[in-house]
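Visitor: I'm new to this one, could you walk me through it?
Guide: Gladly, let's have it in view first.

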Amino acid sequence: NIEKFERMLAEYIGEKYAVAFNSGTSALHAILLAYGVNNGDEVIVPSFTFIGTANSVLFVKAKPIFADIEAETYGLDPEDVKEKITGKTRAIMPIHCGGLSCRVKELREIAEDHKLLLIEDAAESLGARVDGKPVGSFGEAAMFSFCGNKVITTGEGGMLVTDERDIYERLKLVRS
């Protein structure tokens, strides 16, 4: 059933692969490990989020860099993100808060311009869309949560989606 659920979610988001985890925080931890984010690296995260977003960065001994949010969606403010980028920045990890999408298209452009990973924390926004495109399909990977207060629940759990086969294979190893 888990493999079927993984296939269904990947198909729904429009990504090739999905990997289930025991929590959204574990999934974020795993994706950072899979991409080799570690000591000395910086990951830009929102100043307004569940602690698991920043904790996942600390779990790999990287440094969370808190950027301001904007008032419309409570997501990362792209202008503040630009100010936070340094030579140590490896990734931008925006959240999509409470069923809303952050300004993910602008954040995607910033990530591309600076050759950074964009890892979407879409824990609370399964089903949200931007110009018809599902949240979770803008970055290199995205996490969805199934904790009791989320859009759909399995009681607990999380899942990552990605189009990258090598990252998918690493995620399966990390999960084990």
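Guide: Strand E8 (residues 141-145) and E9 run antiparallel and are joined by five bridges; strands are DSSP runs of at least two residues (E), helices of at least four (H or I), numbered from the N terminus, and two strands pair if DSSP finds at least two bridges between them. This is a predicted model, where local features need pLDDT of at least 70 and side-chain atom pairs count only at pLDDT 80 or more, while totals for chains, interfaces and linings use all residues. Residues are numbered from 1 along each chain as its sequence is written, and side-chain values use heavy atoms, leaving out hydrogens and water.

Visitor: Which residue in E9 is the bridge partner of Met-143?
Guide: Met-143 has Leu-160 as its bridge partner in E9.

Visitor: And what does E1 do with E9?
Guide: Strand E1 (residues 17-21) runs antiparallel to E9, with five bridges joining them, and Ala-20 has Met-159 as its bridge partner there.

Visitor: Are the faces of E9 covered or open?
Guide: Both are covered, with Gly-158, Leu-160 and Thr-162 buried on one side and Met-159 and Val-161 buried on the other; buried means under 20% relative accessible area, exposed over 50%, and partly exposed in between, with a 1.4 Å probe and protein chains only.

Visitor: New topic: which residues of helix H2 are buried?
Guide: In H2 (residues 24-34), the buried residues include Ala-27, Leu-28 and Ile-31, and the helix is followed by Gly-36, whose phi is positive, near 75°.

Visitor: Why does Phe-48 count as partly exposed?
Guide: Because its relative accessibility is 44%; Phe-48 lies in the loop between strand E2 (42-46) and helix H3 (51-59).
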